[in-house]
Amino acid sequence: MALQVIEPKIRGFICTNAHPTGCLKNVRSQIDLAKKDIESTENTPNVLVIGASTGYGLASRIALTWGYGTNTIGIFFERPPSGNKTGSTGYYNSAAFHQMATQDGFTAISINGDAFSDQIKQKTIDEIQEHFGQIDLVVYSLASPRRIHPKTGIDHQSVLKPVGDSCTEKTVDLTNENIIDITIHPATDEEIANTIAVMGGEDLEFWIEALLSENLLAPQANIVAYSYIGPKITDQIYSSGTIGLAKIDLEKRVNAIDTRLLDQINGHAYLSVNKAVISQASAAIPIVPLYISILNRIMDTKDLNEKPIDQMIRLFSEYLGPNLVPIVDENRRIRMDDRELRSDVVAEVNEKWSLVNNENFHDLADFEGYKRSFRNLFGFEVEGVDYDQPIETEVTIPLV
Ligand code: NAD
């Protein structure tokens with residue numbers, strides 16, 4: 001038992017604790033949006049979600065479970081509660097996910113461990129063999145600052161830097177909420193290689209290799225990996241930066257996997273380019289929180305804005321669902337960033353971006369909304385939660 005009142009512990013773009021009741025409510029709200037009358041089918045699809053506890057991966061798991069009744073096996077790397085220390089937000093989200101999946105009669109298996117390791121891949125294989133037989137869809141939604149390479153043991157650390165030239169751009173200083181110019185020096189070759197090792201596609205290749213070698217991908221199985229492109233404002237730090245090069249590597253390998261799957265199981269692999277959203281991963285990228293604050297105000301006004309759950313409901317109902325011919329662009333990418341990159345949205349973001357300064361910041365950008373949504377990620381400032389009440393932090397997940 002660890003009953004306690006929990007106050008958020010936030011430093012810059014990091015929150016080191018989480019509120020179980022707030023996380024539960026967040027998961028429940030996502031489920032309410034995803035819930036559909038599920039047509040009964042002979043074979044319930046089996047889905048493997050790698051990175052299943054927060055952001056796009058959790059939203060995918062929820063959209064697929066409550067929208068289509070799929071059985072899911074979810075992999076994540078989350079901190080369980082210990083003594084007076086709360087668990088991480090992804091831990092509590094997954095506990096809530098299991099509680100509600102069990103209530104509603106869905107099959108869900110979760111593994112908490114390092115998805116980059118051979119050991120967790122083997123454990124996943126064992127669980128699929130025992131409970132599912134084969135997998136119909138793999139969702140790859142990892143975002144991690146580091147990867148211990150399973151073959152070499154090297155601890156690769158990723159960096160968020162431009163490539164080639166320094167980049168100077170506006171950003172919001174999260175400690176005093178001032179708009180400042182930030183100059184970020186270009187990454188070294190070693191930093192570029194490390195970032196590609198962490199966020200590129202090699203690990204996905206290892207996953208697919210492991211699944212194929214055990215015949216665990218069903219005929220016509222699909223793989224979808226998530227990526228981001230974004231507008232010119234974030235180009236130097238994102239698309240042309242270290243993370244962008246890693247995403248190019250991911251895309252190259254997704255296309256190679258596609259060729260292989262087509263040949264071996266008549267399956268496909270896709271890259272889905274998603275919208276910029278407030279998540280633990282995106283909060284860590286300089287420039288991006290200010291960009292998202294401006295973007296969200298504009299997209300809200302136009303009634304176009306989407307959270308990860310809205311994006312994933314749309315992905316699986318319109319672009320890559322059962323009985324759908326996948327919708328891709330000329331580069332074979334699924335474009336869930338279509339609304340973010342609509343010409344009128346981009347034009348207005350550019351205009352506000354050129355004008356934004358300390359005086360007009362709160363008029364042009366929804367930074368209050370950004371902060372609230374960031375705290376919401378960790379279960380804080382969620383409507384309907386009484387934060388003065390001591391609550392039980394020792395929550396468990398039925399992990400295998
Ligand atoms: P997130 O930080 O919310 O989630 C990351 C997930 O990865 C969590 O479930 C975490 O437990 C898991 N994870 C991290 N390291 C792991 C490890 N070693 N082993 C097992 N699990 C591990 O991230 P997100 O923002 O949802 O991003 C997910 C994907 O979507 C990324 O590929 C990201 O580039 C992409 N994407 C994000 C955005 C955005 O704005 N956030 C936009 C477009 C695309």
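**View 1. Asn-350 is partly exposed, with a relative accessible area of 36%.** Here buried means under 20% relative accessible area, exposed means over 50%, and partly exposed lies in between (1.4 Å probe, protein chains only). Asn-350 sits in helix H11, residues 343–355. Helices (H or I, at least four residues) and strands (E, at least two) are DSSP runs, numbered from the N terminus. The C-alpha atoms of Asn-350 and Ile-184 are 21 Å apart. Along the chain, 166 residues separate Asn-350 from Ile-184.

The model is predicted: local features need pLDDT of at least 70, side-chain atom pairs count only at pLDDT 80 or more, and totals for chains, interfaces and linings use all residues. Residues are numbered from 1 along each chain as its sequence is written, and side-chain values use heavy atoms, with hydrogens and water left out.

**View 2. The chain as a whole has 13 helices and 15 strands.** The radius of gyration is 21 Å, in agreement with the value near 21 Å for a compact globule of 400 residues. This radius is taken over C-alpha atoms, and the globule rule is 2.2 Å times the number of residues to the power 0.38. The C-alpha atoms fill a box of roughly 60 × 50 × 45 Å along the principal axes. Of the 400 residues, 53% count as buried. Among contacts (heavy atoms within 4.5 Å) with a separation of 6 or more, 77% join residues 24 or more positions apart.

**View 3. Helix H2 covers residues 55–68 and is mostly covered.** Twelve of its 14 residues are buried. Among them are Tyr-56, Leu-58, Arg-61, Ile-62 and Trp-66. From first C-alpha to last, H2 reaches 19 Å, close to the 20 Å expected at 1.5 Å a residue. The expected span is 1.5 Å times one less than the number of residues. Just after H2 comes Gly-69, with a positive phi of about 70 degrees.

**View 4. Helix H7 runs from residue 242 to residue 265.** H7 has 24 residues. Its first and last C-alpha atoms are 34 Å apart, close to the expected 34 Å. Asn-266 follows H7. The phi of Asn-266 is positive, near 60 degrees.

**View 5. Ile-287 has a positive phi, near 75 degrees, and is not a glycine.** Ile-287 is found in the loop between helix H8 (280–283) and helix H9 (288–301). Is Ile-287 buried or exposed? Ile-287 is buried, with a relative accessible area of 1%.

**View 6. Asp-303 also has a positive phi, about 60 degrees, although it is not a glycine.** Asp-303 lies in the loop between H9 and helix H10 (308–319). Asp-303 is exposed, with a relative accessible area of 71%.

**View 7. The buried residues of H10 pack against both helices and strands.** The buried set in H10 includes Pro-308, Ile-309, Met-312, Leu-315, Phe-316 and Tyr-319. Gln-311 and Arg-314 are buried in H10 too. The helices in this packing are H1 (20–34) and H2. The strands are E7 (135–140), E12 (217–227), E13 (268–273) and E14 (333–335).
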